[in-house]
Amino acid sequence: MHILEMLAVSSPARDSTPMPIGCQYDFAAGIWKSEHGAILALDPAFEQQTKKMDLETGEDQKGQ
C-alpha cells in the first residue's frame, strides 16, 4: 500500500448537496438569494461557504 493511502483521512461521500433553507437560486444572475432578496454570500445571517461546497480534503468536490 502506498504511504499516501495509509495516511489519508477518508470522509463519507454525500448523497445530496445541502441547500440553504428559505433561499432561492437566481438562474439569471447565477447566485443564491435569501427570501428577502439579499445575496446569500453577502448576508451575515448565513455562514460563509464555498460555492463548490468543498470539503477540506484537498480534493475538489464539484458535481457531488
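**An aromatic cluster on a hairpin**

Tyr25 is partly exposed, its relative accessible area being 34%; on this scale, buried means under 20%, exposed over 50%, and partly exposed in between (1.4 Å probe, protein chains only). The model is predicted, so local features need pLDDT of at least 70 and side-chain atom pairs count only at pLDDT 80 or more, while totals for chains, interfaces and linings use all residues. Residues are numbered from 1 along each chain as its sequence is written, and side-chain values use heavy atoms, with hydrogens and water left out.

A pair of aromatic rings is described by the distance of the centres and the angle of the planes. Rings of Phe, Tyr and Trp (its six-membered ring) pair if their centres lie within 6.5 Å; planes under 30 degrees apart count as stacked, over 60 as edge-to-face and the rest as tilted. The structure holds 2 aromatic pairs. Phe27 is exposed, with 73% relative accessible area. Tyr25 also forms an edge-to-face pair with Trp32, at 5.4 Å centre to centre and 70 degrees between the planes. Trp32 is partly exposed, at 28% relative accessibility. Together, Tyr25, Phe27 and Trp32 make up one aromatic cluster.

Strand β1 (residues 23-26) and strand β2 (residues 31-34) run antiparallel and are joined by 4 bridges. They form a hairpin with 4 residues between them, and Gly30 in the turn has a positive phi of about 75 degrees. Asp26 stands opposite Ile31 in β2.

Asp26 also takes part in a salt bridge with Lys33, where the closest N and O atoms are 3.2 Å apart. A salt bridge is a side-chain nitrogen of Lys or Arg within 4 Å of a carboxyl oxygen of Asp or Glu, and the whole structure holds 1. Asp26 is partly exposed at 23% relative accessibility, and Lys33 is partly exposed at 26%.

Ile3 lies in helix α1 (residues 3-7).

Terms used
Two strands pair if DSSP finds at least two bridges between them. Helices (H or I, at least four residues) and strands (E, at least two) are DSSP runs, numbered from the N terminus.
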